Amino acid sequence: MDNRQLFEQFIRQNVDGAYRFAYTYMKNREDAEDVVNESVVKALRSIRSLKNPEYIKTWFYKIIVNTSLTQLRRKKRFMQLEHVEEAAEDDHARLLFDSMVAAVAEPDRSILVLRYCEGMTLAQVARVLDMNENTIKTRLYRTLRTLRADMEAKLDEPNQKGI
């Protein structure tokens with residue numbers, strides 16, 4: 001199977017994950033879809049640059065990162081989490097997670113999403129973001145400590161107000 005066929009198979013199986021990843025940057029459905037579509041076109045145009053097919057996922061996610069950042073710079077928009085006012089009780093944990101992740105600055109947000117939402121290894125995250133693996137580890141654990149402290153503080157807030 002050549003690289004083009006391999007990529008076509010990969011995208012058929014992973015389009016939802018690619019969309020979710022693009023959404024973490026773009027914060028709305030239409031822009032995320034545009035990023036994925038543009039990334040697929042870019043990937044197909046540069047499929048010959050994929051030297052090692054086992055890295056297809058990290059190679060494509062790197063294209064998504066670059067496409068997302070280019071679009072964000074072009075539009076000069078600030079990324080904000082869209083809150084759903086009337087969320088069901090089951091959605092509370094997801095909204096809390098989304099709001100906490102939205103508060104994390106780049107590239108730490110990408111590290112969290114790639115590691116925990118996309119299930120990539122630290123080595124794969126490092127390749128996608130063009131960073132040293134040890135830097136990824138340090139940033140990830142520092143970010144997790146900060147998020148944990150923030151969450152603990154939020155859980156303690158009602159007790160401090162005498163509720």
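The model is a predicted one, in which local features need pLDDT of at least 70 and side-chain atom pairs count only at pLDDT 80 or more, while totals for chains, interfaces and linings use all residues. Residues are numbered from 1 along each chain as its sequence is written, and side-chain values use heavy atoms, with hydrogens and water left out.

The secondary structure comes to seven helices and zero strands, where helices (H or I, at least four residues) and strands (E, at least two) are DSSP runs numbered from the N terminus. Read from that end, the order of elements is α-α-α-α-α-α-α. Of the 163 residues, 34% count as buried; buried means under 20% relative accessible area, exposed over 50% and partly exposed in between, with a 1.4 Å probe and protein chains only. Among contacts (heavy atoms within 4.5 Å) with a separation of 6 or more, 62% come from residues 24 or more positions apart.

Helix 2 (residues 29–45) packs against helix 3 at an angle of about 125°, and their axes are 9 Å apart. Axes here are lines fitted to C-alpha atoms, for helices over the stretch in contact, and angles run from 0 to 180 degrees between N-to-C directions. The two helices are therefore oblique to each other, a class left over once angles under 35 degrees count as roughly parallel, over 145 as roughly antiparallel and 65 to 115 as roughly perpendicular. Helix 2 contributes residues including Asp-31, Val-35 and Ala-43 to the contact, and helix 3 contributes residues including Trp-59, Phe-60 and Gln-71.

Seven aromatic pairs are present in the structure; rings of Phe, Tyr and Trp (its six-membered ring) pair if their centres lie within 6.5 Å, and planes under 30 degrees apart count as stacked, over 60 as edge-to-face and the rest as tilted. Phe-10 and Phe-60 form an edge-to-face pair, because their ring centres are 6.1 Å apart and their planes stand at 75°. Since Phe-10 belongs to helix 1 (residues 3–26) and Phe-60 to helix 3 (residues 56–75), the pair ties together parts that are 50 residues apart in sequence. Phe-10 is buried at 10% relative accessibility, and Phe-60 is buried at 0%. Ring pairs join Phe-7, Phe-10, Trp-59 and Phe-60 into a cluster.

Charges also sit over rings, meaning that NZ of Lys or CZ of Arg is within 6 Å of the ring centre and within 35 degrees of the ring normal. Lys-57 lies over the face of Tyr-61, 5.7 Å from the ring centre. The charged end of Arg-115 is placed over the ring of Tyr-116, 5.7 Å from its centre.

Helix 5 (residues 108–117) is largely enclosed by the rest of the structure, because seven of its ten residues are buried. Ser-110 is one of the buried residues of helix 5, with a relative accessibility of 2%. Apart from neighbours within four places in sequence, Ser-110 is in contact with Tyr-25 and Leu-129. Helix 5 is followed by Gly-119, which has a positive phi near 70°.

Lys-27 lies in the loop between helix 1 and helix 2. Lys-27 is buried, at a relative accessible area of 9%. From C-alpha to C-alpha, Lys-27 and Ala-102 are 9.4 Å apart in space, yet 75 residues apart in sequence.
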